[in-house]
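Biologist: I would like to learn how to read a model like this one. Please take me through a few features in turn.

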Amino acid sequence: MENQHAFSEAERAAVYRAIFNRRDVRGQFLPDPVADDQLARILMAAHHAPSVGFMQPWNFLLVRSSTVKQRVHDIFAQANAEAATMFPDEKREIYSQLKLQGILDAPVNLCITCDRSRSGPVVIGRTHIPTMDLYSSVCAVQNLWLAARAEGLGVGWVSIFHEKALQDALGIPHHIVPIAYLCIGHVSHFKDQPELEKAGWLPRLPVADLLWHEQWGAADSGENEALTAKLRELQQAVQERGIYPA
Ligand SMILES: Cc1cc2c(cc1C)N(C[C@H](O)[C@H](O)[C@H](O)COP(=O)(O)O)c1[nH]c(=O)[nH]c(=O)c1N2
């Protein structure tokens, strides 16, 4: 049945294209500047994310100075060297060959934060699970990431930092949580698969195997066969062609 609220087919295709063709970009940044109007649009997209109790706990700390980027890169390098030692031997070698940031290459860096006290101690929807504010800031990150993909801009999330070191490098007070440190810029190309998948680090899991029915751990026992089959078909199509089948 026609749904009068649905987007047109072309609009839906564009939304799914942004979702499936979004990539975490580390190594393909170009030095070309990001225009202010593009930057404004993706920041506005972030600001329209859902947030618990409409708390809007985010701030956006824009970094363009090479001095500040270098400071952030230095603390990344320290944490990354520590990280390499944490993996078992067979993974350590792959790890050390991975490029896990584009801090100095990307013309724009952006730290999205969460102010956990933004709207006072009692927040609608956060009364029982206090971490909901953190999840709200993550929603802002994802909105920005998808909008950037639609704009043709690459985004890479860097999280290999000691949290306090990142706060100090950016002058962020310690009660403000740095949620995401993002590298943003034009790119030479977008890869068609996650880099970690390509590198053989981990495969994409079959979504049908992650779906339970009614109770945790209860897989499809036959009555959801059509849904399970559709999920497997879509996953294969997206994996092969990056789009849903027509
Ligand atoms: C919370 C969080 C934190 C990080 C990431 C993502 C998220 C959601 N990712 C990117 C991550 O590796 C990537 O999203 C997956 O490998 C899937 O690839 P695509 O994003 O689909 O290209 C990431 N990538 C990287 O190179 N260095 C990093 O420190 C991080 N940290």
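**Reading the model**

Modeller: This is a predicted model. Start with leucine 234, which counts as partly exposed because it has 15 C-beta neighbours inside 10 Å.

Biologist: What would count as buried or exposed?

Modeller: Buried needs 20 or more such neighbours and exposed 12 or fewer, so leucine 234, with 15, falls in between.

Biologist: In which helix is leucine 234?

Modeller: Leucine 234 belongs to helix α8, residues 225–241. Leucine 234 is also 10 residues from tyrosine 244 in sequence, with 6.1 Å between their C-alpha atoms.

Biologist: How do I read a nonpolar core?

Modeller: In soluble globular proteins, nonpolar side chains tend to be buried together. Here the largest nonpolar core has 32 residues, and Ile112, Ala148, Leu182 and Ile184 have the most contacts inside it. At least two residues of this core come from each of α2, α3, β2, α5, β3, α6 and β4. The largest share, 6 residues, is from β4.

Biologist: Which residues does alanine 148 touch, leaving out those up to four places away in sequence?

Modeller: Alanine 148 touches Ile42, Leu153, Val155 and Ile184.

Biologist: What surrounds the ligand?

Modeller: Among the surrounding residues are Arg23, Asp24, Gln101, Trp157 and Pro194. The shell divides into 6 nonpolar, 3 polar and 3 charged residues. Strand β3, residues 153–158, gives the most to the shell, with 3 residues.

Biologist: Which residues does the domain annotation cover?

Modeller: The unreviewed UniProt entry annotates residues 20–186 as "domain: Nitroreductase". In the model that span is 42% helix and 17% strand, and its end C-alpha atoms lie 18 Å apart.

Conventions: Residues are numbered from 1 along each chain as its sequence is written. This is a predicted model: local features need pLDDT of at least 70, side-chain atom pairs count only at pLDDT 80 or more; totals for chains, interfaces and linings use all residues. A residue is near a molecule or strand if its C-beta atom, placed from the backbone, lies within 6 Å of it. Helices (H or I, at least four residues) and strands (E, at least two) are DSSP runs, numbered from the N terminus. Ala, Val, Leu, Ile, Met, Phe, Trp, Tyr, Cys and Pro count as nonpolar, Asp, Glu, Lys and Arg as charged, and the others, Gly among them, as polar. UniProt positions are given in the numbering used here, feature names are shortened, and annotations may be inferred rather than shown by experiment. A nonpolar core is a set of buried Ala, Val, Leu, Ile, Met, Phe, Trp, Tyr and Cys residues joined through C-beta atoms within 7 Å. Two residues are in contact if their C-beta atoms, placed from the backbone, lie within 7 Å.
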